[in-house]
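Please take a look at the model shown here. A short briefing on its chains follows.

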Amino acid sequence: MKPDARLQLDARSAPQARDLYAVRVRAIRKVFDELEAIRDVSLDVANGEFISLLGPSGCGKSTLLMMIAGLLFPTSGEVILTDTPVVGPRRDVGVVFQNPVLLPWRSVIDNVLLPIEFLRLPVEEYRARAVELLKMVKLEEFAGALPRQLSGGMRQRASICRALIHDPAILLMDEPFSALDAITRDDMAVELLRIWQATRKTVIFVTHSIREAAFLSDRVLTMGRRPATIIDEVHIDLPRPRHIGMTEEDSFNRYVRHLRKSIEASHEG
Amino acid sequence: MKDKQPSFLEAARWPIAFIALLLLAWEGAVRYLGIRSIVLPPPSEIAIVMATRYDLLLTHLWPSLYLTIAGFALSVVGGILVAVLITYSEIMRRGLYPVIVVSQIVPKISIAPLFIVWFGTGTVSSLLLAFLIGFFPMTINSAMGFQSIDEEIHKMARTFMASRWQVFWKIRLPTALPHIFSGMKISVTLAIIGVIVSEFVASQEGIGYLIKLAGGLLDTPLMMAAIAVLSLSGLVLYWIIELAERRTIYWQATAGNLAETGG
C-alpha cells in the first residue's frame with residue numbers, strides 16, 4: 001500500500017510501540033477455488049482508532065473482515081490482534097453484521113446477553129451492563145420486547161449492544177447500516193459515533209458508502225476489486241465530536257471527492 | 001409476516017355452520033327418502049346411540065386412546081432423536097436419511113398382520129404400529145427443522161464462540177420447533193390409524209374392535225357412533241397439540257401482537 005504522504009504527516013499516524021496496535025494484518029492473501037479474492041493486504045489499526053474499509057460490493061472487504069473475526073482463514077499471511085495471531089473467533093472481538101440477526105424468540109435484553117451465555121460468563125452479573133448499553137442506544141424501554149416489535153434501526157442498535165456486551169477491545173462492523181433507509185442511516189451514523197466516543201473501542205467498519213466512511217472514520221482504506229488490494233489510504237482530519245451538519249461543509253466534501261476518485265480509478269484500472 | 005390470525009371461535013364459525021348444514025341435509029334426506037337405518041342411520045339416531053350406550057363406547061375408547069397417545073409419544077421422542085443423529089452425523093445423513101425417505105413407500109398398514117405374528121394380539125402390536133406409522137413424518141419434519149438454521153445466525157453464534165451444544169439448545173431447537181409441531185400434527189392422526197388398524201386385525205377391545213364387531217352385527221348406528229367418538233377424540237388430540245404449539249412458539253405473530261405494533 002502507498003499511503004498518501006501529505007495526509008500521513010499528522011500527529012495520529014505511525015504509533016511506535018507494538019502494543020499500540022489493536023489489529024495488524026500482515027500480507028494477507030485469500031484464494032477461493034483457485035480464484036484470488038484478496039492479494040497482499042497489510043494494515044495496522046491503532047488502539048481506539050476508527051477505520052473504514054471502503055469499496056464496491058463484492059470487492060472482498062467483508063472477506064477481509066471475516067478473517068479478522070477468525071471465521072475465515074487467509075491462504076497466506078496472518079492477522080494479529082493485540083499481539084496474538086488469530087486462529088479462530090475470540091473474546092476480545094465483537095461483530096455487528098449487515099442484518100441484526102437477533103433470535104426472534106428472545107427478548108431484546110436476552111438477545112444482548114446471548115454472547116455472555118455463549119462465553120459461559122455469569123449472565124446475572126452482566127444484566128445491569130446490558131441495561132446500561134440499551135440506555136446508551138435509547139432502547140431501555142424495549143428491553144422486554146421481542147425483536148419483531150422493533151423497527152429495523154432499533155434492531156440494529158440492539159445488535160450493536162450485543163456486540164459490546166462482553167466489552168471487547170475491537171468492534172468489527174460489516175456494512176451494518178446498508179439494510180436501513182437513508183434517514184435512519186444518518187441517525188445511526190451519529191449514534192455510532194456517540195457510542196464510539198463513549199466506549200473508545202477500536203472499530204473496523206466495512207461500507208460501500210463514501211459519505212459514511214468519511215463521516216465516521218479517522219482513516220479510510222479504499223479497496224479495489226478482483227483481486228482486492230488496498231488502493232488508497234486517507235486520514236480524515238475533521239474535528240471530533242462530529243455532527244451531521246459537517247457533511248455539508250467543504251472540508252468534508254473534499255474528502256468525499258478524493259475517495260470517489262480513487263474508487264473510480266479502481267474501476268478503470 | 002403472517003396475516004392476522006383470527007381467534008379460534010372466529011375461525012371455527014364457518015366450518016361449524018357448514019357441518020351443521022350437512023347434518024341437517026343428511027337427516028332430511030334419510031327421512032324423506034326413507035333410507036333404512038341399517039344402510040344409513042340419520043345423525044339423530046347416531047346421537048341417541050352415543051348418549052345411551054356411552055359406557056360401551058367409552059370402555060372401548062380408553063384402550064385405543066391410551067395406545068394412540070403412547071405410540072405417538074414414542075414416535076415423537078424417537079423421531080426427534082433420529083433427526084438429531086441425522087443432523088449431526090454425516091454418515092447417518094448420507095446413509096440413514098435416504099433409507100428412511102424411501103421406506104415411506106412401504107404402506108405401514110400392511111405390516112400389521114406381521115406384527116401380530118411377531119408380538120401377538122395384545123397391546124404391543126398396536127403400540128408398535130402406532131409408533132412406526134407416526135415415526136416417519138416426525139423424523140423427517142424434525143430433521144428438516146434442525147437443518148433450517150439461518151446461516152447468518154449460525155455465523156453470529158460462531159463469532160461469539162458458541163459451542164455445538166449451545167448452538168443446538170439455543171438456536172437449532174427453537175428454530176426447529178415449528179417443524180416439530182407440524183410433524184406432531186401429522187403423527188398424532190397417523191397414530192390413531194395405526195391403533196385402529198391393529199385392532200381390526202386382531203384384538204378383543206378398543207374402538208377398532210367395536211367397529212368391526214358392530215359391522216358384523218349389522219348395527220350400523222353403533223358403528224357410526226364409534227366412528228364419531230373416534231373422530232372427536234382425534235380432533236381433541238390435534239387441538240391440544242395446536243394449543244401447545246401456539247403457547248410454545250409465542251414469537252410468531254398473532255392478532256394481538258400485530259395490532260400492538262401496527263402490524
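This is a predicted model: local features need pLDDT of at least 70, side-chain atom pairs count only at pLDDT 80 or more; totals for chains, interfaces and linings use all residues.

Residues are numbered from 1 along each chain as its sequence is written, while chains are lettered from A and ligands numbered from 1 in the order in which they are written.

**Chain B overall**

- Chain B has 11 helices and 0 strands. Helices (H or I, at least four residues) and strands (E, at least two) are DSSP runs, numbered from the N terminus.
- The C-alpha trace of chain B spans about 75 × 55 × 30 Å along its principal axes.
- Of the 263 residues in chain B, 32% are buried. A residue is buried if 20 or more other C-beta atoms lie within 10 Å of its own, exposed if 12 or fewer, and partly exposed in between; C-beta atoms are placed from the backbone.
- Take the contacts in chain B between residues at least 6 apart in sequence: 77% of them join residues at least 24 apart. Two residues are in contact if their C-beta atoms, placed from the backbone, lie within 7 Å.

**Strands in chain A**

- β1(A) (residues 21-32) pairs with β2(A) (residues 35-46) in the antiparallel sense, over 8 bridges. Two strands pair if DSSP finds at least two bridges between them.
- The hairpin of β1(A) and β2(A) has 2 residues between the strands, and Asp33(A) there takes a positive phi near 45°.
- β1(A) also runs antiparallel to β4(A) (residues 76-81), joined by 5 bridges.
- Val25(A) has Leu43(A) as its bridge partner in β2(A), and Val25(A) stands opposite Val79(A) in β4(A).

**Helix α7 of chain B**

- In α7(B) (residues 151-159), the buried residues are Met156(B), Ala157(B) and Thr159(B).
- These residues fall within an arc of 160° seen down the axis of α7(B), so they line one face of the helix. The arc is that of the directions from the helix axis to the C-beta atoms.
- Their cover includes β6 (93-96) and α4 (114-118) of chain A, together with α8 (164-201) of chain B.

**Where the chains meet**

- In chain A, 19 residues are in contact with 17 residues of chain B.
- α4(A) gives the largest share of the chain A side, 4 residues.
- That side of chain A divides into 14 nonpolar, 2 polar and 3 charged residues. Ala, Val, Leu, Ile, Met, Phe, Trp, Tyr, Cys and Pro count as nonpolar, Asp, Glu, Lys and Arg as charged, and the others, Gly among them, as polar.
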